[in-house]
Amino acid sequence: MQNAVSDRILNIKKEDYFKKANLHTHSNVSDGKEDFDTLIEEALELGLEHFSIADHNTIEGYKNSKYINNPVLIPAVEFDCFYQTSLIHILGYGFDIKSPYIDELCTKNKSETKLDIVRLFHSRHPKDAIEKIHKAGGIAVFAHPCCSSVLSLNYLVKKLKSFGLDGIEVYYPYNRHRGIIKFHSRKKPYILAEKYNLIKTGGTDEHGSLK
């Protein structure tokens, strides 16, 4: 799906991550520690040109932010999805925050934004998530793919592509627990992005302050 936000992300260069662009962070609206607007203020102070807060299963931060119209900000969300035997995360970018399709995917239960075990039992099908992100005018991206517990990452990405996947998170540091729980080589997402003509995105997955 080609739109303004996909064009914008396509123009972000590899070397711009994470100095000028960070498209994957979390606030205390979900399981992060920093206040939503404080996180945006930190991004602006650091001189970021492209910034997203992708809270888990909720966009309440965007609905209440005084910075919603700031041109640096790209609205984002991270949905917990379950496919076959694997929990995967689908990022949505550039959607209409007032869209009913995004609201359908978002949780109404605060625990489903914070607690891993609760989120596991309330996960979505990736096909449904991708379709509704598109209906809301956004693009869908496969987050931290190396952490997917599947035998064949190629098979999974191919399947997600058939559901309409637009991109894959390539520029990702794999810190914290994701640095330990990795099932695939960090080179693989780039190879698959090239193979399936997917948009390459990136972010730190920061859950605290940016400073």
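Predicted model: local features only at pLDDT ≥ 70, side-chain atom pairs only at ≥ 80, totals over all residues.
## Second largest pocket

By residue class, the lining of the second largest pocket comprises 9 nonpolar, 6 charged and 2 polar residues.

Helix H2 spans residues 36-45, and its buried positions are Phe 36, Asp 37, Leu 39, Ile 40, Glu 42 and Ala 43. Charged side chains are thus represented among the buried residues of H2 by Asp 37 and Glu 42. The cover over the buried residues of H2 includes strand S2 (50-51) and helix H3 (60-64).

Both ends of the helix show local features. At the start of H2, the backbone nitrogen of Asp 37 lies within 3.2 Å of a side-chain oxygen of Asp 35. Just after H2, Gly 47 adopts a positive phi of about 80°.

## Cysteines

The structure contains 0 disulfides. Cys 146 takes part in no disulfide, and the nearest cysteine sulfur, belonging to Cys 147, is 6.8 Å away. Cys 147 is likewise in no disulfide, its nearest cysteine sulfur being that of Cys 146 at 6.8 Å. A disulfide would require the two sulfur atoms to lie within 2.5 Å.

Cys 146 counts as buried because its relative accessibility is 0%. Cys 147 also counts as buried, because its relative accessibility is 12% and the cut-off for burial is under 20%.

Notes: Residues numbered from 1 in each chain as written. Heavy atoms only, no water. Buried < 20%, exposed > 50% of the residue type's maximum accessible area, 1.4 Å probe, protein only. Helix = DSSP H or I, 4+ residues; strand = E, 2+ residues; numbered from the N terminus. Contact = heavy atoms within 4.5 Å. Polar contact = N/O pair within 3.5 Å; in protein donor to acceptor, adjacent residues only side chain to side chain.
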